[in-house]
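Come along and check each entry against the structure.

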Amino acid sequence: MIGERADLMEKVTALCKRRGFVFQSSEIYGGINAIYDYGHYGVALRRNIRSLWWRHMIELREDVVGLESSVIMNPEVWAASGHLSGFTDPMVDCLGECKQRWRADHLSGDRCPNCGGPLSEPRQFNLMFKTHIGPVEGSGADVYLRPETAQGMFVDFKNVLNSMRVRVPFGIAQQGRSFRNEISPGNFIFRLREFEQMEMEFFVKPGEDERWHRYWIEARHRWYLEVLGLRPDRLRLRPHDKDELSHYSKATTDVEYLFPFGWGELEGIANRTDYDLRQHQERSGEDLTYLDPETNERYLPYVIEPAAGVDRIMITCLLDAYDEDEVRGETRVVLRFHRDLAPVQVAVMPLSKKEELIAPAREVQALLRPHFRVEYDQTGGHIGRRYRRQDEIGTPYCVTVDFDTVSDGAVTIRERDTMTQERVPIATLLTSLRERFI
Ligand code: GAP
């Protein structure tokens with residue numbers, strides 16, 4: 001299966017640039033490694049991913065509240081969380097010709113995979129980006145770009161508790177940028193140095209943590225299958241071995257996807273115990289315990305954490321949706337996005353640039369725009385070419401206004417996946433399309 005899809009990553013990468021999903025950051029200066037920009041359709045896809053997550057993690061529940069904490073925090077946070085001392089990867093240098101750096105735990109042999117040269121002894125490399133705050137550089141002014149959003153939820157735990165009338169079990173969720181100076185980033189937007197996370201810390205009574213861990217593993221697995229519509233045979237759950245657990249975790253299960261380069265992590269669901277709250281309580285001197293209003297018992301809650309990445313979900317959705325078929329002897333490239341994910345849901349196009357078609361096409365656009373993500377497309381020449389372009393950005397439906405529309409008040413709905421066309425009166429167009437999106 002991986003063999004069959006060996007060139008899939010290259011095809012998707014090329015499509016992302018060609019169609020305005022993803023660009024290399026600072027490309028005119030030669031780019032910058034593992035940092036990307038997102039173009040119009042990429043932004044739309046990411047917004048849809050984020051809002052589907054927010055909808056299911058917060059809006060459709062009553063026990064999770066939102067937060068947006070800062071990227072730069074008091075450096076004590078990272079001392080307490082263990083990131084200053086322990087957020088490291090083992091790194092080796094090539095001592096041969098190429099001088100490349102590698103993650104020691106990603107290598108199988110003891111020679112450089114690039115030039116075959118000898119390798120140095122491994123040494124620990126901290127992945128946090130360091131900068132300084134204020135005008136004077138010096139160790140007192142050192143600050144870090146956050147390597148995970150999670151610490152914001154722990155540090156604001158008391159503020160949320162005192163302001164939001166929440167009771168354990170409850171969660172705090174946020175979406176936002178994180179930064180890691182990865183030693184060996186790669187696979188397009190799979191492993192980046194600047195990326196976006198969607199994380200939720202769910203606070204539970206100790207002793208109930210294992211049950212909630214199972215609950216969230218199952219809930220998150222279902223979200224990928226049912227909400228994003230990913231192919232079940234390319235998704236799996238994988239519990240971590242004891243020796244690969246993070247320093248804070250008692251147990252972690254990953255949701256993994258079968259990428260063209262093999263199985264890779266999409267999301268980790270960790271049982272973080274009371275590690276973080278305890279560390280912050282000790283270092284800050286603030287009481288972070290929770291008082292159970294029913295039993296009058298005081299305790300530090302345990303935490304179950306589903307932690308996902310927007311960029312990884314984005315590349316997964318692109319790879320999962322990518323398809324090619326044969327149409328009249330030509331290869332058609334199509335992104336078969338789930339309708340909720342598609343950057344454009346309906347494209348409206350007049351068959352030609354004649355004024356008599358443009359006016360009704362603009363009316364159809366105005367009719368649909370309040371209800372769907374609509375794109376109006378009168379450029380690009382022949383209608384077949386415009387359909388191909390919409391197929392490549394994954395638009396589920398095209399609505400075409402032609403010369404008959406002027407006399408019969410009907411338009412054609414063309415479906416992306418089957419390429420079937422149906423003539424529908426403009427009067428019932430909105431209902432027809434709505435039925436297709438249920
Ligand atoms: N708070 C826990 C935490 O950060 P993680 O497994 O290191 O756990 C969670 O990260 C998710 O964030 C990953 O499953 C992945 O989707 C995303 N992620 C982590 N590092 C990344 C990177 N360098 N590039 C892109 N996404 C990344």
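Predicted model: local features only at pLDDT ≥ 70, side-chain atom pairs only at ≥ 80, totals over all residues.

**Entry: H10 and H13**

I started with helix H10 (residues 355–368) and helix H13 (residues 426–437), whose axes come within 11 Å and cross at roughly 40 degrees. That angle makes H10 oblique to H13. I also noted that the crossing of H10 and H13 is right-handed.

Which residues of H10 meet H13? I found Val364, Leu367 and Leu368 on the H10 side. On the H13 side, their partners are Ile426, Leu429, Leu430 and Leu433. By class, this contact has seven nonpolar residues, with no polar and no charged ones.

A reminder to myself: two packed helices are described by the angle between their axes and the distance between the axes.

**Entry: H1 and H9**

Next I looked up helix H1 (residues 8–18), which packs on H9 at an angle of about 110 degrees. The axes of H1 and H9 are 10 Å apart. Angles of 65 to 115 degrees count as roughly perpendicular, so H1 and H9 are roughly perpendicular to each other.

From H1, I wrote down Leu8, Met9, Val12 and Cys16 as the residues that meet H9. From H9, the residues in this contact are Ile315, Leu318 and Leu319. Sorted by class, the contact of H1 with H9 has seven nonpolar, no polar and no charged residues.

**Entry: H2 and H9**

I stayed with H9 (residues 310–321) and turned to helix H2 (residues 40–59). Their axes come within 10 Å and cross at roughly 110 degrees. H2 and H9 are therefore roughly perpendicular to each other. H2 passes H9 in a right-handed crossing.

Which residues of H9 meet H2? My list for H9 reads Val310, Asp311, Ile313, Met314 and Leu318. H2 brings Gly42, Leu45, Arg46, Ile49 and Arg50 to this contact. By class, I count six nonpolar, one polar and three charged residues between H2 and H9.

**Entry: the cavity**

How many cavities of 30 Å³ or more does a search of the whole structure find? The search finds one. I noted a volume of about 40 Å³ for the largest cavity.

Its lining is made by Ile35, Tyr36, Tyr38, Arg177, Leu192, Glu194 and Asp311. The lining of the largest cavity divides into four nonpolar, no polar and three charged residues.

**Entry: the largest pocket**

Then I moved on to the largest pocket, which has a volume of about 1,300 Å³. I found 42 residues in its lining. Nearest the centre of the pocket lie Phe87, Arg180, His240, Ser246 and Glu265.

The elements that give two or more residues to this lining include helix H4 (83–86), strand E4 (88–93), strand E12 (251–259) and H9. Which element gives the largest share of the lining? I found that strand E13 does, with five residues. By class, the lining of the largest pocket divides into 14 nonpolar, 11 polar and 17 charged residues.

**Entry: two backbone spots**

Most residues other than glycine have a negative phi, and most peptide bonds are trans.

Is the peptide bond from Val168 to Pro169 cis or trans? I read it as cis, with omega near 5 degrees. Pro169 is found in the loop between helix H6 (157–163) and strand E9 (170–179).

My last stop was Phe188, a residue other than glycine with a positive phi, near 60 degrees. I placed Phe188 in the loop between E9 and E10.

Technical notes
Residues numbered from 1 in each chain as written. Heavy atoms only, no water. Axes fitted to C-alpha atoms, helices over the stretch in contact; angles between N-to-C directions. Helix = DSSP H or I, 4+ residues; strand = E, 2+ residues; numbered from the N terminus. Parallel < 35°, antiparallel > 145°, perpendicular 65-115°, else oblique. Left-handed = near helix turned anticlockwise from the far one by under 90°. Contact = heavy atoms within 4.5 Å. Nonpolar A, V, L, I, M, F, W, Y, C, P; charged D, E, K, R; others polar. 1 Å grid on protein atoms, 1.4 Å probe; cavity = no way out; pocket = protein on both sides within 12 Å on 5 of 7 lines; lining within 4 Å. Points joined across faces, edges and corners; volume = space filled by probe spheres on them.
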